[in-house]
Amino acid sequence: MIVRYGAMLFGTVVIVQFYLAGAGIFAATGPVKDASSLDPHRVLGNVLAVLALLLLIATVVARPGRRVMITVIVLFVLTAVEGLLATAGGSAPYVGALHPVVAAVILGLTALVPIWVPRNGKA
Ligand code: HEM
């Protein structure tokens, strides 16, 4: 239950994070990397890293099976990497461009967890 609904909550927050990225970019009045309009996105990015860690801990405790465990580990690592990619984007734009791509992968992986963990399962 906790892994299934935790992943669904995580995915919902990722969608909000996409919105905050768009809002921050469209509302920027100067260079995007200095834009304070992206601060809510930056803050939620760190919240997501904490949520990914909590989801990982819940998954280790619930032991929902190998493929869910691997998916959540990858989810956690990619979410942590997101901050690094965004920071790298300041000096290496083609590396920074991987930031939204990885975000799309994170969203896709998040959707797999509730498909694989049954509604009435223990995880
Ligand atoms: C899982 C989804 C995402 C996470 C966890 C995430 C996380 C973060 C974090 C932590 C930062 C702050 C980095 C720093 O200042 O050190 C950031 C910045 C940023 N993100 Fe995201 N992000 C996500 C999705 C997206 C998407 C879809 C876009 C779309 C373009 C985007 C665009 C940006 C931009 C433009 C910045 C500012 C970069 C800068 O300050 O130079 N992010 N993100």
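Q: What is Ala 86 in contact with, leaving aside its neighbours within four places in sequence?
A: Beyond those neighbours, Ala 86 touches Gly 96 and His 99. Being in contact means that the C-beta atoms of two residues, placed from the backbone, lie within 7 Å. This is a predicted model, in which local features need pLDDT of at least 70 and side-chain atom pairs count only at pLDDT 80 or more, while totals for chains, interfaces and linings use all residues. Residues are numbered from 1 along each chain as its sequence is written.

Q: Why does Ala 86 count as buried?
A: Its C-beta has 22 C-beta neighbours inside 10 Å. A residue is buried if 20 or more other C-beta atoms lie within 10 Å of its own, exposed if 12 or fewer, and partly exposed in between, with C-beta atoms placed from the backbone. Ala 86 therefore counts as buried. You will find Ala 86 in helix 3, and its C-alpha is 14 Å in space from that of Ala 104, which is 18 residues away in sequence.

Q: Why does Arg 63 count as exposed?
A: Arg 63 has 12 C-beta neighbours inside 10 Å, so it counts as exposed. This residue sits in the loop between helix 2 and helix 3.

Q: What makes the phi of Arg 63 worth a look?
A: Arg 63 is not a glycine, although its phi is positive at about 45°. Most residues other than glycine have a negative phi. Arg 63 comes after helix 2 in the chain.

Q: What makes up the secondary structure of the protein chain?
A: There are five helices and zero strands, running α-α-α-α-α from the N terminus on. These elements are DSSP runs numbered from the N terminus: helices are H or I with at least four residues, strands are E with at least two.

Q: How do you know what span to expect of helix 1?
A: The expected span is 1.5 Å times one less than the number of residues in the helix. Helix 1 has 25 residues, and its reach of 36 Å from first to last C-alpha is close to the 36 Å expected. Helix 2, with 24 residues, reaches 34 Å, close to the 34 Å expected.

Q: What do the buried residues of helix 1 pack against?
A: They pack against helix 2, helix 3 and helix 5. Among these buried residues are Val 3, Phe 10 and Val 14. In helix 2, the buried residues include Leu 48, Ala 52 and Leu 55, and what covers the buried residues of helix 2 includes helix 1 and helix 3.

Q: Which members of the largest nonpolar core touch the most other members?
A: Of its 17 residues, they are Val 3, Ala 52, Val 72, Leu 75 and Val 113. Helix 1, helix 2, helix 3 and helix 5 each supply at least two residues of this core. A nonpolar core is a set of buried Ala, Val, Leu, Ile, Met, Phe, Trp, Tyr and Cys residues joined through C-beta atoms within 7 Å.

Q: Which residues come nearest to the ligand?
A: Of the 24 residues around the ligand, Ala 21, Lys 33, Gly 45, Ala 86 and Ala 103 come nearest. A residue is near a molecule or strand if its C-beta atom, placed from the backbone, lies within 6 Å of it.
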